[in-house]
Amino acid sequence: MDYKKICDEVSKLAIETGKYIRHEHDNFDTNKIEIKGKNDFVSYVDKTSEKKIVEQLSKIVPEAGFIAEEGTRNDRGDIYNWIVDPLDGTTNFIHGIFPVCISIALQENNKTVVGVVYEIGLDECFAASKGNGAYLNNKQIFVSKRNNLKDSLIATGFPYYDFSRQDKFMKSMADMMINTHGMRRLGSAATDLAYTACGRFEAFYEYGLHPWDVAAGAFIVEEAGGKVCDFNGEDNYIFGGEIIAAGNNVYDEFLNKVKNYMK
């Protein structure tokens, strides 16, 4: 299978679908918001975008199954599976702010081989295919080479439904605020990971996430030379609900700090 060709096709699809989302972003009717759960929103834009994406992905790799956030299709394949978030950052979207992105990953035998994150606000397409490196708008990218956390900018996401670990999380953030260049919370985990891949952030961590939030972005970080794990330092970060991503030079220090608070 030609992963590079598939990656190029998926990138084009994400950019094209992003045009629709951008148009709706600029003209959105907030009365059309649906509530899936506490602080968990969906709109016709999410659903329409997913239908567009699923239809085209089915043509790119017809034998692949799907893990899609809005449930347009959720029939898992034996070998290949698409993991799709048609609109990561829905809360940002309904409030008229960015970042907002599309996240698409392809897995082969439960290993990611293609990842695309298209951030619509800045028209930035982050893409990676197995063994071919990571790219931003066709220019190769790499994780940050900063050597320690005190010189690093850290990204995270706030819990919006699972507050069981909130006290530990708040203590970890207090430490990061004091002992790094600072913290950022963008409201889109896929964007956080993409920004870690290109060196804008040195590291990112969050819990309470879903596979479609992280599958593409985590793979892009790895192809950009970074490391990704769960809070135990192991590889259950796509389906395990928690993730750490960092540049190689700060990875060990960052992992130890997160583990100290979150485990």
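Biologist: Why is Cys7 counted as buried in this model?

Modeller: The model is predicted. In it, Cys7 has a relative accessibility of 3%, and buried means under 20%, so Cys7 counts as buried.

Biologist: How do you know that Cys7 is too far from Cys125 for a bond?

Modeller: A disulfide requires two cysteine sulfur atoms within 2.5 Å. The closest cysteine sulfur to that of Cys7 belongs to Cys125 and lies 7.4 Å away, so the pair is too far apart for a bond. Cys229 is likewise in no disulfide, with the nearest cysteine sulfur, in Cys198, 20 Å away. By this rule the count is 0 disulfides.

Biologist: Why is Cys229 counted as buried?

Modeller: The relative accessibility of Cys229 is 1%. Since the limit is under 20%, Cys229 counts as buried.

Biologist: What makes strand 3 and strand 9 stand at the edges?

Modeller: The open sheet has 7 strands in the order 3-4-5-6-7-8-9, with mixed pairing. Strand 3 (65-68) and strand 9 (139-141) each have a single partner strand, so one side of each lacks a neighbour in the sheet.

Biologist: How do you know that strand 6 and strand 7 pair?

Modeller: Pairing requires at least two bridges, and 6 bridges join strand 6 (residues 111-119) to strand 7 (residues 124-129); the two strands run antiparallel. Gly115, for instance, has Ala128 in strand 7 as its bridge partner.

Biologist: Which helix packs on the sheet and touches strand 3?

Modeller: Helix 2 (residues 44-60) does so, and also touches strand 4 (80-88) and strand 5 (101-108). The direction of helix 2 makes about 155° with that of strand 4.

Conventions
Residues are numbered from 1 along each chain as its sequence is written. This is a predicted model: local features need pLDDT of at least 70, side-chain atom pairs count only at pLDDT 80 or more; totals for chains, interfaces and linings use all residues. Side-chain values use heavy atoms; hydrogens and water are left out. Buried means under 20% relative accessible area, exposed over 50%, partly exposed in between (1.4 Å probe, protein chains only). Helices (H or I, at least four residues) and strands (E, at least two) are DSSP runs, numbered from the N terminus. Contact means heavy atoms within 4.5 Å. Axes are lines fitted to C-alpha atoms, for helices over the stretch in contact, and angles run from 0 to 180 degrees between N-to-C directions.
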